[in-house]
Amino acid sequence: MPELPEVETIRRGLSKCILKKQIKQIVVLCDKSWRGLDKQRAQGRKICEIQRRGKALLMRLDNDLWLMGHLRMTGQMIFIGKEKFAGGHPDDGCVEEMPGRHTRVYFEFDDGTRLFFNDQRKFGFLKLMDELAMTEDAFLRKLAPEPWDLTTDDFWERLQRHRQAVIKAVILDQQVIAGVGNIYADEGCFLAGLYPGTRVRAVSREQADALLRGICEVMQRSIDSGGSTMKDYVRADGTKGSYLEKFAQVFRREGRACRKCGTEIIKTRVAGRGTHYCPKCQPRGASDA
Ligand SMILES: [Zn+2]
């Protein structure tokens, strides 16, 4: 699943390709992948801006309708013009003839360029909405602020609503803080010196502040370097991001030495997810999961 930095990378890549272009035609090959208003209402319109909320892409059209894109597990956005850009989950769809066997929706622009939404498992979708529908959209309404929009007070208060839960599960909850996925949860906990299975009630205010700072830091670094290098993801220009190779302290480093103290990094399971931590830098407490 792409995490926030990967989606931000796609947003930036697509902004270079499709802004100001007029949508000549939209072809929906899979009904499940198109939601909301009829596609007719987007045809003939220009794409004015591309925003992102959490892991959702939001494209504003010149008639003030919004097209929301969710890649979910296996979504891809592939732009083919003079240059080719691909972002999201790469199957062979990136190299084969377009539309490919996993293409669900595609856009033809007035200048002959095309944008393909591919999605092998069909959990992702595009949804056309007016402003009102957007303010009422269940996903967007529930979405918490992004890490850099949260104050330490706000973050602390949000954590306190889940005092019995383990900290990793709570920061993965998109209603607590938006956009944190597995990689950034593990990396953020490491930077805060916090074992990911610590109960929220045992997390100190200092640790919570350090955790928010750590999450902001790793996510910003990842965005700057073009997303993580989960092997399944390519960034908008088709190359891979370099975050994990350059910066990861614990994620996918099990069996290797902690960069800070030399202790062996351990992989375990917390909150139902594969979890990486340094047993010395992130000591487990008695009541931890
Ligand atoms: Zn360590």
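Trp-66 stands opposite Met-129 in strand 10. The model is a predicted one: local features need pLDDT of at least 70, side-chain atom pairs count only at pLDDT 80 or more, and totals for chains, interfaces and linings use all residues. Residues are numbered from 1 along each chain as its sequence is written.

Strand 10 (residues 125-129) pairs with strand 5 (residues 66-70) in the antiparallel sense, over 5 bridges. Strands here are DSSP runs of E with at least two residues, helices are DSSP runs of H or I with at least four, and both are numbered from the N terminus. Two strands pair if DSSP finds at least two bridges between them. An open sheet of 5 strands has the order 2-10-5-4-3, with mixed pairing. Its edge strands, strand 2 (34-36) and strand 3 (47-53), each pair on one side only. From one strand to the next the twist averages 20°.

Helix 1 (residues 4-18) lies across strand 3 and strand 4 (56-61), and runs at about 175° to strand 3. Such angles run from 0 to 180 degrees between N-to-C directions, with axes fitted to C-alpha atoms, for helices over the stretch in contact. Among the elements covering the buried residues of helix 1 are strand 9 and helix 7 (205-224). After helix 1 comes Lys-20, with a positive phi near 70°.

Strand 9 (residues 114-119) has 5 of its 6 residues buried. With strand 6 (residues 75-80) strand 9 pairs in the antiparallel sense over 6 bridges, and Gly-75 stands opposite Asp-119. Strand 8 (residues 103-109) also pairs with strand 9 in the antiparallel sense, over 5 bridges. There Val-105 has Phe-117 as its bridge partner. Strands 8 and 9 form a hairpin with 4 residues between them, and Gly-112 in the turn has a positive phi of about 90°.

The largest nonpolar core has 71 residues, and Leu-67, Phe-79, Ile-171, Cys-189 and Ile-215 touch the most other members. Why does this core lie between domain 1 and domain 2? Domain 1 (4-142) and domain 2 (147-277) both give residues to the core, so it lies between them. A nonpolar core is a set of buried Ala, Val, Leu, Ile, Met, Phe, Trp, Tyr and Cys residues joined through C-beta atoms within 7 Å. The domain bounds come from an automatic or database domain assignment.

Technical notes
A residue is buried if 20 or more other C-beta atoms lie within 10 Å of its own, exposed if 12 or fewer, and partly exposed in between; C-beta atoms are placed from the backbone. Two residues are in contact if their C-beta atoms, placed from the backbone, lie within 7 Å.
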